[in-house]
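Reader: Hi! I'm new to reading protein structures. Could you walk me through this one?

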Amino acid sequence: MREGRIDYNALNRCSLSVDELMSHARKRGYFNLADIDCAVLETDGSVSVLPRPQKRGLNPKDFNFAPIREGISYAVFENGVLYPDRLNCVGFTEKRLADFLNEHNYNIADLSLITVNEAGRVDVFY
């Protein structure tokens with residue numbers, strides 16, 4: 001397909017039917033050929049699909065937005081054991097973690113796991 005049009009000559013050269021093209025499109029998540037801008041038969045026999053601009057997924061660049069890097073999450077508390085060295089890896093102190101837990105009314109005795117990522121996001125699990 002090119003610019004949303006089926007290239008029947010190319011299909012014939014590749015020994016593909018429209019049904020086979022539609023099958024390849026469905027495998028890529030496109031259930032309507034009208035949603036496809038371009039489709040290319042690759043040398044390995046797979047079909048690469050480029051959706052029409054209105055059908056592609058949005059990404060942060062579409063909104064002039066750059067997401068922050070969250071980095072790796074560390075288990076800083078697990079089954080009653082606090083790991084101060086892991087807190088240090090993410091720039092947290094025991095006091096900062098305690099303040100967070102108090103602000104959100106968490107009782108540490110009720111928790112099984114606390115993770116903190118490099119951006120400072122805290123996730124709490126019971």
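Author: Happy to! One term to start with: two strands pair if DSSP finds at least two bridges between them. Helices (H or I, at least four residues) and strands (E, at least two) are themselves DSSP runs, numbered from the N terminus. This is a predicted model, so local features need pLDDT of at least 70 and side-chain atom pairs count only at pLDDT 80 or more, while totals for chains, interfaces and linings use all residues. Residues are numbered from 1 along each chain as its sequence is written, and side-chain values use heavy atoms, with hydrogens and water left out.

Reader: Thanks! How do S1 and S2 run, and how many bridges join them?

Author: Strand S1 (residues 36-41) and S2 run antiparallel, joined by five bridges.

Reader: Which residues of S6 are on the covered face?

Author: Val122 and Val124 are on the covered face of S6 (residues 122-125), and Asp123 and Phe125 are on the uncovered one. In a regular strand, side chains alternate between the two faces of the sheet.

Reader: Switching topic: how many salt bridges are there in the whole structure?

Author: A search finds seven. The term means a side-chain nitrogen of Lys or Arg within 4 Å of a carboxyl oxygen of Asp or Glu. Among them, Arg56 and Asp62 have their closest N and O atoms 3.2 Å apart, and Asp7 meets Arg2 at 3.6 Å, N to O.

Reader: Is Arg2 buried or exposed?

Author: Exposed, at 58% relative accessibility. Buried means under 20% relative accessible area, exposed over 50%, and partly exposed in between (1.4 Å probe, protein chains only).

Reader: What does Arg121 pair with?

Author: Arg121 forms a salt bridge with Glu70, the closest N and O atoms being 3.8 Å apart. Arg121 lies in the loop between S5 and S6 and Glu70 in the loop between strand S2 (47-51) and strand S3 (73-78), so the pair ties together parts that are 51 residues apart in sequence. Glu70, Arg121 and Asp123 are linked in a network of salt bridges.

Reader: Last topic, helix H4: which residues are buried?

Author: In H4 (residues 94-103) they are Leu97, Phe100 and Leu101. They cover an arc of only 95° around the axis (taken from the directions from the helix axis to the C-beta atoms), which puts them on the same side of H4.

Reader: What covers them?

Author: The cover includes S3, strand S4 (81-82), helix H3 (84-89), S5 and S6, with contact meaning heavy atoms within 4.5 Å. The face of H4 turned away from the buried side carries the exposed residues Lys95, Asn102 and Glu103. Just after H4, Asn105 takes a positive phi of about 60°.
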